[in-house]
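Me: I should like to learn how to read a helix and its surroundings in a model. Could we work through a case together?

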Amino acid sequence: MSTPTLELRDLRVTYTVRGIDRDVLRGISFAIKPGESYGLVGESGCGKSTAAYASMRYLPRNGQIVSGQVLFEGRDMTSVSDAEIREMRRSAIGMVYQNPIAALNPTIRIGEQVAESFTMLGHGSKEALELAEEALKRVQIADPKRVMRRYPHQLSGGMAQRVVIAMALASNPRLLILDEPTTGLDATVEAEVLDLVRGLIKDSGTSILFISHNLGVIRSMCDRVGVLYAGALVEEGETETILQNPNHPYTVGLMRCIPRGGLHKRLAHLDTIPGTPPPLGSELPGCVFVDRCAIAQDVCRTTPPPLVDLRNGHFSRCHFNEQAVNLPRTVGSAPLQQKTDSSHSKELLTIAHLSKTFSQDDQEVRVLTDVTMSLARGETLGLVGESGSGKTTLAKTLLGIFEPDEGSIVTLEGRQLGKGIADRTAHEVGSVQIVFQNPDSALNRRHSVTRIVARAVEKLAGKPKRESEDRAQELLNSMSVDPVLHSARPAQLSGGLKQRVAIARSFAGSPKLVVCDEPTSALDVSVQANILNLLADLQANENVSYVFISHDLGVVRYLSDRIAVMYLGRIMELGAAEEVFNGPHHPYTEALVSSVPAIDGSPRARIRLGGEVPSPASPPTGCVLNPRCPRMAASGLAHKCTSEEPELREVSPGHFMRCHIPVEQLRTMQG
Amino acid sequence: MLKYVAKRLGLALLTVFVVTTAIFFMTNILPGDPATRILGNLAEPENVAKLRKDLGLDRPLLAQYWTWLSNTLQGDLGNSIQHRVPVVDYILPAIGLSLRLAAIAFLLTVPLSIIGGITAGVMRGKPVDRVITVGGLSAAVVPEFVWAVLLVLIVGVRLKWLPTSAYPGPDEGLLTYVYHLILPSIALVLVLFGYISRIARAGVIEAFDSDYVRTATLKGLPRRKVVNKHVLRNALLPSIAVIASQVPYLIGGLVAVERVFNYPGFGTILIKAVQYRDYPVLQSSVLIVAVVIVLAQLIADILFAVLNPRIRQGIER
C-alpha cells in the first residue's frame, strides 16, 4: 500500500480560552491516498477547519497540537522545523479559502499577488508575471491581463475564488485543501468553481481535503467522507455509502434535517436533532453525541464507543450503530394542517408594474423592471435568482424601505400601500414585516429579548407598555424560546434562538405578510430545520403569507407554494413550486436547478450559464438572458431573442414565463 | 482625483472660515477690554473712550467683523493693539521659530512611533511589546509641560547634557538651533509617541489576523516577507489619519513647551495676546492654527486615498 498523502493520527488540538485548554479535536485519525479526495463534514464548531489548518500546522495563537501526528507523505509535520514547513507549504500543499475576496491582499494588484506564488518557486519577476497570466487562463479567466491589473475588491466572489485557486495550484501541489470554498457563492458560480477544481486536478494525482457543511457539494467532489461532531470523527466511509446508508445517529439525524427529494411543508415537518452541540472543550467521557442521541443508553455516557468497521472501509463510532437507521423521529411526521384552505382564499397582495430605479453617479440604474404578481393569504412565494437579480430590492420595496417608481402598484387587502415606510400607518407597517438573514445585526444588542419584542408590540400593535411585555412573553413562548431566556441579551443566545427572537419580533403586529430574506442561510442544517418547521407552523396557525428569499433551492422548495424566478430585476418564471421545479423550465430556471449538486440520486446533467450577471446599468438588448442563455442557440430564435424583450406569458394556467421559445419546444429540449 | 481634491479643499476653506468667525465673536465676549488693559485700571474714562475709538472698538460688533473679514481676505491682518505694529511683522518670525521646533519634534516622533508600533505589533505579547506599549502610554499621560520641567531639571540643570534654553539668540548657525531644540522636542515626542505607536501596533496586529496574511503565510512566504509585503502597507493606513489628527495636540504642546523653555515662538505670542486682549494678534493666530490643522488633515486624506486602492477608485469612479 502506498504512503498516504496526508494522514492524521490521533490528533488532539486544544484552544486556550480564558486560561483553560479546551479540546477542539479529540484525537481524530484519517488518511488520504494519493489522488483521492476526502471530505470532512459537520456543523459549525465541530472542528472541520481546525483539522484543515492543523494539517498545515497553522493554528490560531491560542491553539496547540497536544498529541498525535500529522503525516504529510510520511513526514510528521508536528516535529519538522519552520523552514521545512514553509517549504512544504510553498511547493507541496495548496489551500483555497472561504471568503476569497478577504483572502487576497486589498492593496496589491491581482497580477502581483499571483506572480508572487511563482517568484517563490524561483522564477524571475518577469517570468513570474507571464506564468501568472498562464495560471489565470487555466482557471478560465477570460481576460487575464485585465484581471491582473485589478484589486481584489473589484472582483466578484467567483472571480476572486478562481484567482485563489490559481495561486493554490501554482506549485502543482500534491495536496489541495479547500475550506468551504463555495460557501457564500451563488449556486451557479459554485457549480462552476467545483467543475473547475475537478477539471484542474483530474489525472494530476493531487489529493484533496475538502471541508464543507454542504453534503451536496461533498457528494459531487469527494470519494470518501468523514463526519465530525464535537471534535471527534463519528463516521467515515465512501461518500455514497455515508449519504445513502448512514450508520451513526448523528449522520442519520443530519440527513433528515435537509429539505430535499421533494419534501414539502404540507407533507411533513422536517426532522431535527434535539438539543445543541456541547460547548467548546466540554468534558465528554462517553460518546460525544450522547446528549442529543435518541437511542443512547447508559453505556454511552460512560464508555467512548469504539470505531466499528462495518464493511468496505465504512466505520461508525457508535455502541448501537445497527440501530442508527431506525433512529426515532424527533418531530412527528403527521402532515401539517392548515386552518384555512389557502388555495381558495382571496388575494392578499397584488403587485403590478412595479419598477425601481436608482440614480447612481448621474446614471439611471433600473434594478426592478415591471414586476407583476400576486400572493394569496397563507401562501408562500419563493423568490430565487442569482445575487444581483433584485430579490432583496423587491423585498425592501414591499417593506417600504425603498420607494417604488411612479406608476407602480402595490396593494395589500385591496388597499394601496404607502410608498415609503413614512407614508404607512402603524397598522400597515405591522402588517408587512421582515425576518433578516443575520439576526446578530438585526437585534439591538443592549436590550433584553423581551424588551426587543415588547418594543415592537408597542410600536406595531399600539399596545401600552405593560400589556406589551405580556404579549412579548407570549410571542416568545409560541416561538419556543424558553422563559428562562426572556431576560437574556441577544449575544447570550445561539444563532437559532436569535432567529426565533427575530421572528417573534416580526409577528408583534399580527402581520399579514412576512418577508423572509435568507432567514436560515447563516444557520446549521439542524437549526435550519427547526426554523423552517416553526415558520410552517406559524403559517398554518396564523394564515400569514410569506415572501421567502433563499439561494438554497431545497429550502425554497420545501416551504413555497409558488415560486418566482428573478433575473436582472425581472420575473423570468412564476408558477406553482412543483411546476417550476419539475419543468418544462425557463432556460434560466433550468440552469439554476441543474447547478445544485444533488445529495441523493444520480447527478443531473449541468446546464451552464456562460459569463457573469451583467450590470443592471447596461442590460443586454432583447431578452436580458440572451448573452448567457443555454437554449437560445439551439432554438433557432436567436434573432428574436437578441432584438426583442419577451413578455411574461402564461404558458399553462398559473404558470408564467418570460421567454420567446415556445413551451413545447422547451419541453422537448429539456427531455 | 482632482475633483476629490477640489472638494476637500472647498470643505477645508469652509472649516477655516467657520473657525475664524467663531473666534472673532468669542474673543469679543471675553471679559476685559484692550483699552483698559493698555492704559491700566486707573486711567481716565475719557482717555479709555478715546483709545477705544482709535482702535475702532466702539463700532458695532458686526461692522467690526466685516472690516476684519474684508481686510483679512485682502491679506491685511491688521495691527497689534499692544505693540502697534502690523500683526504680520510681529507673528511671522515667531511662526518661523515654532515651525523649526514642530518640524524637529515631528521628524523625531513619526519614525520613532511608527517603528516602535510596528516592533510592538510584530513582537505581540513579548517583553519588547510590553515595554513599548506600557512605556508609550505612561509617557503620554504625563502632560508635556511636566515633561518639559522634568527634562529641564534633570537633563539640563542636573546632568548639564543639553542647554535649558531653547533659543540661542539670533544669528546662530542651523546646528546650534537644532542643538538647543533637542530637549523641547523630546518633551513633545514623549507625549505623541504613545498614541501614534499604539495605532501602528493595532494596525499591524489587525493585518496579522487578516485572511490575506494567512494566505501569504500558507503560500510559504517567510515571515520577514509576509511582514514587509503584506502587513506593513495595510497596517500603516490607519496611522496616517492618526498622525494628522495629532497636529492639533502638537500645536497645543508647543504653547506649553515654549513657555517652559522660554522660546519666543508662536505659542508665547499666543499667550501674550490672550493676556493683553490683543484681538488682531489672537484672531490671526487662530486663523493660522486653523489653516495648519486643516491642511494637515487634507494632506492625510489625499495620502490615504493614494495608498488605499479602494478609496482611490471609489473617488475616481
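**Reading a helix and its neighbours**

Reply: This is a predicted model.

Me: At what angle do α17(A) and α18(A) pack, and how far apart are their axes?

Reply: The packing angle of α17(A) and α18(A) is about 120°, and their axes lie 8 Å apart.

Me: Which residues of α17(A) meet α18(A)?

Reply: From α17(A) come Val449(A), Thr450(A), Val453(A), Ala454(A), Val457(A) and Glu458(A). Their partners in α18(A) include Lys465(A), Ser468(A), Ala472(A) and Leu476(A). By class, this contact has seven nonpolar, three polar and four charged residues.

Me: Why does the length of helix α17 of chain A agree with its number of residues?

Reply: The expected span is 1.5 Å times one less than the number of residues. Helix α17 of chain A has 13 residues, 449-461, and should therefore span 18 Å; its end C-alpha atoms are 18 Å apart, which agrees. After α17(A) comes Gly462(A), with a positive phi near 65°.

Me: Which residues of α17(A) are buried, and what covers them?

Reply: The buried residues are Val449(A), Thr450(A), Ile452(A), Val453(A), Ala454(A), Ala456(A), Val457(A) and Leu460(A). Their cover includes α15, α18 and α19 of chain A.

Me: How many residues does each chain bring to the contact between chain A and chain B?

Reply: Chain A brings 21 residues and chain B brings 16 residues. On the side of chain A that touches chain B, the largest share, four residues, comes from α2(A). By class, that side has eleven nonpolar, five polar and five charged residues.

How values were computed: Residues are numbered from 1 along each chain as its sequence is written. Chains are lettered from A and ligands numbered from 1 in the order in which they are written. This is a predicted model: local features need pLDDT of at least 70, side-chain atom pairs count only at pLDDT 80 or more; totals for chains, interfaces and linings use all residues. Helices (H or I, at least four residues) and strands (E, at least two) are DSSP runs, numbered from the N terminus. A residue is buried if 20 or more other C-beta atoms lie within 10 Å of its own, exposed if 12 or fewer, and partly exposed in between; C-beta atoms are placed from the backbone. Two residues are in contact if their C-beta atoms, placed from the backbone, lie within 7 Å. Axes are lines fitted to C-alpha atoms, for helices over the stretch in contact, and angles run from 0 to 180 degrees between N-to-C directions. Ala, Val, Leu, Ile, Met, Phe, Trp, Tyr, Cys and Pro count as nonpolar, Asp, Glu, Lys and Arg as charged, and the others, Gly among them, as polar.
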